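This report looks at a helix contact, an aromatic pair and a pocket. The structure comes next.

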Amino acid sequence: MTDLFDGIVGHAQALEQLRSQAVSGRLAHAYLFVGESGLGKTSAGRALAASLLPEAALTRHPDYWEDDRIKPLSINEIRLLPDKPPEFHELSLQAFLNLKPAVGARRVAVVANVGRLRDQDQSVLLKTLEEPHPHRVIVLTTPSLNPFVVLPTVVSRCQRVFFHPVPSPEIEKLLARQGVAAGRAKVVAELARGRPGWAVRVAGDEAVIELHENWTRRLEEVFGAPADVPLRVAAELDSGQMAWRRTEGEAEDPALFAIASWQIELRKRMLASRGREQGAWARLLELSYDTLGYLEQNVSPRLALETFLLECRKAS
């Protein structure tokens, strides 16, 4: 028997939970897949849908509805009786779920990043979650359970399934199976920060490797340099991150990418050294992870980057 989640790496606990429920037929009416972008949440949702709708490919199955676009989701794509016809779907989500299955045993809908909906529009979706139709399954995804992203009332009506970063060796194996050269697969897997979706998307992009090599060179320039060098690199990176925050789309956070590149270099130097020198590189690697934590908190990104790079300056 083919595993319905074949091809999805990592997430053993989450996938086993879904696999067990699919086999037993004891499915929740609504799921909320939680985890940052690129972990495979939407892919898992599609795989679950495909197992429940075996009659045809999802792309042409009349009992399947999906929205995984990046742009905000209009209320007309959700409401049972929209003010005007949905722009991207033949039927709104609620209209789709209100109909009986056409050829399958269920109707299944997948909505990626439910936080694209404004709070008042999530409240409209909440009515569907509160009054589930029989033989309907809804899969929502979100990067966070922060109430500013997804309403707590929406969260409470769904069964939550958590997706966590995937170890880089597993991502490396995935890329190798897809024909990516061994050296590139290893670097991309380490840069991915546990996100197989991101790794697959950029594996053939030479610009990603060039950017990694550039940030590696910038770190090497910091070692043993005057204090103005790390401060200049921190300022440049802080400026790049501020510009990134003003953009929309799938562009990578430049600060997180740079630190991932630096961690590869620091780890390489740590493994190639011995004694006190190895301990010094290990401390810098540990500090890099602390810096990632600071960037996720209410700490000045520039201050966090300056602190880290000034410590790197002491290395030789």
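Contact means that heavy atoms lie within 4.5 Å. The model is predicted.

**Helix 7 and helix 9**

By that definition, Arg184, Val187, Val188 and Leu191 in helix 7 meet Glu206, Val208, Ile209 and His212 in helix 9. The residues of this contact divide into 5 nonpolar, 1 polar and 2 charged. The axes of helix 7 and helix 9 (residues 206-222) come within 11 Å and cross at roughly 70 degrees. Angles of 65 to 115 degrees count as roughly perpendicular, so helix 7 is roughly perpendicular to helix 9.

**An aromatic pair**

The whole structure holds 6 aromatic pairs. One of them joins Trp215 and Trp262, with 5.9 Å from centre to centre and 85 degrees between the planes, and is edge-to-face. Trp215 sits in helix 9 and Trp262 in helix 11, 47 residues apart, and the pair thus links distant parts of the chain.

**The second largest pocket**

The volume of the second largest pocket is about 400 Å³. It is lined by 18 residues, and Arg193, Gly194, Gln263, Tyr289 and Leu292 are the closest to its centre.

Which helix gives the largest share of the lining of the second largest pocket? Helix 11 does, with 5 residues. By type, the lining of the second largest pocket divides into 10 nonpolar, 3 polar and 5 charged residues.

Key
Residues are numbered from 1 along each chain as its sequence is written. This is a predicted model: local features need pLDDT of at least 70, side-chain atom pairs count only at pLDDT 80 or more; totals for chains, interfaces and linings use all residues. Side-chain values use heavy atoms; hydrogens and water are left out. On a 1 Å grid over the protein atoms alone, a cavity is a set of points where a 1.4 Å probe fits but cannot get out, and a pocket is an open set with protein on both sides within 12 Å along at least five of seven lines; lining residues have an atom within 4 Å of a point. Grid points are joined across faces, edges and corners, and a volume is the space filled by probe spheres set on the points. Helices (H or I, at least four residues) and strands (E, at least two) are DSSP runs, numbered from the N terminus. Ala, Val, Leu, Ile, Met, Phe, Trp, Tyr, Cys and Pro count as nonpolar, Asp, Glu, Lys and Arg as charged, and the others, Gly among them, as polar. Axes are lines fitted to C-alpha atoms, for helices over the stretch in contact, and angles run from 0 to 180 degrees between N-to-C directions. Angles under 35 degrees count as roughly parallel, over 145 as roughly antiparallel, 65 to 115 as roughly perpendicular and the rest as oblique. Rings of Phe, Tyr and Trp (its six-membered ring) pair if their centres lie within 6.5 Å; planes under 30 degrees apart count as stacked, over 60 as edge-to-face and the rest as tilted.
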